[in-house]
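Reader: I am new to this structure and would like to learn how to read it. Please show it, then take me through its features.

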Amino acid sequence: MAQVEGRANETESAVKNAWQMKAMDANRYATKKTIAQGMLDIALLTANASQLKYILQVGEQHQFYKLMLILISLSIVMQVTAGVLLVIQSLVSIAKSKNRSILNTVSHFVDAFIFLSVFCDIMKMNFGLDPAIPYKEDQVELLKN
């Protein structure tokens with residue numbers, strides 16, 4: 001009888017261990033999610049830098065040069081600011097109740113900067129950076145004929 005109970009306990013613990021292995025690990029998920037978000041942020045920052053380079057090379061010939069320059073620059077500044085605030089947020093301990101209110105405020109600022117950065121990116125995409133579109137007067141005339 002003791003052997004049957006021992007085997008039942010072994011089987012039960014093996015099933016329990018298998019279930020725990022399949023269950024989602026919240027820390028691992030959060031780590032992967034944070035890494036993925038960081039890669040997306042880096043990709044967006046790289047795209048903004050590339051667009052800034054392009055708009056500076058085209059110069060005043062671009063139809064919306066000043067607007068694009070302002071929107072791209074604002075987006076880059078807000079992304080960098082949000083990144084700095086996130087680093088500061090990670091360095092502050094959440095254990096103290098005094099720090100919780102500070103971290104909550106910093107979190108709201110990070111959200112605002114990210115929202116405004118995305119808004120700038122949406123606005124700049126509406127004005128276009130397509131290099132296939134000619135910006136010189138003589139090129140436009142050739143296409144009209």
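Author: Start with the elements: helices (H or I, at least four residues) and strands (E, at least two) are DSSP runs, numbered from the N terminus. Here the chain reads α-α-α-α-α along the sequence, with five helices and zero strands. This is a predicted model, where local features need pLDDT of at least 70 and side-chain atom pairs count only at pLDDT 80 or more, while totals for chains, interfaces and linings use all residues. Residues are numbered from 1 along each chain as its sequence is written, and side-chain values use heavy atoms, with hydrogens and water left out.

Reader: What does UniProt list for residues 67-88?

Author: UniProt positions are given in the numbering used here, feature names are shortened, and annotations may be inferred rather than shown by experiment. The unreviewed UniProt entry lists residues 67-88 as "transmembrane region". In the model this span is 100% helix and 0% strand, and its end C-alpha atoms lie 31 Å apart.

Reader: How much of the chain counts as buried?

Author: Buried means under 20% relative accessible area, exposed over 50%, and partly exposed in between (1.4 Å probe, protein chains only). Of the 145 residues of the chain, 19% are buried.

Reader: Is T81 buried or partly exposed?

Author: T81, in helix α3, is partly exposed because its relative accessible area is 26%. Its C-alpha atom is 9.2 Å from that of I114, although T81 and I114 are 33 residues apart in sequence.

Reader: Where is F119 placed?

Author: F119 belongs to helix α4. With a relative accessible area of 45%, F119 is therefore partly exposed. Between the C-alpha atoms of F119 and L71 there are 9.4 Å, and along the chain the two are 48 residues apart.

Reader: How much space lies in the largest pocket?

Author: On a 1 Å grid over the protein atoms alone, a pocket is an open set of points where a 1.4 Å probe fits, with protein on both sides within 12 Å along at least five of seven lines; lining residues have an atom within 4 Å of a point. Grid points are joined across faces, edges and corners, and a volume is the space filled by probe spheres set on the points. The largest pocket holds about 570 Å³. It is lined by 19 residues, and Q37, G38, D41, L86 and I114 are the closest to its centre.

Reader: Which helix supplies the largest share of that lining?

Author: The largest share, nine residues, comes from α2. Helices α2 (26-58), α3 (65-91) and α4 (97-127) each give at least two residues to the lining.
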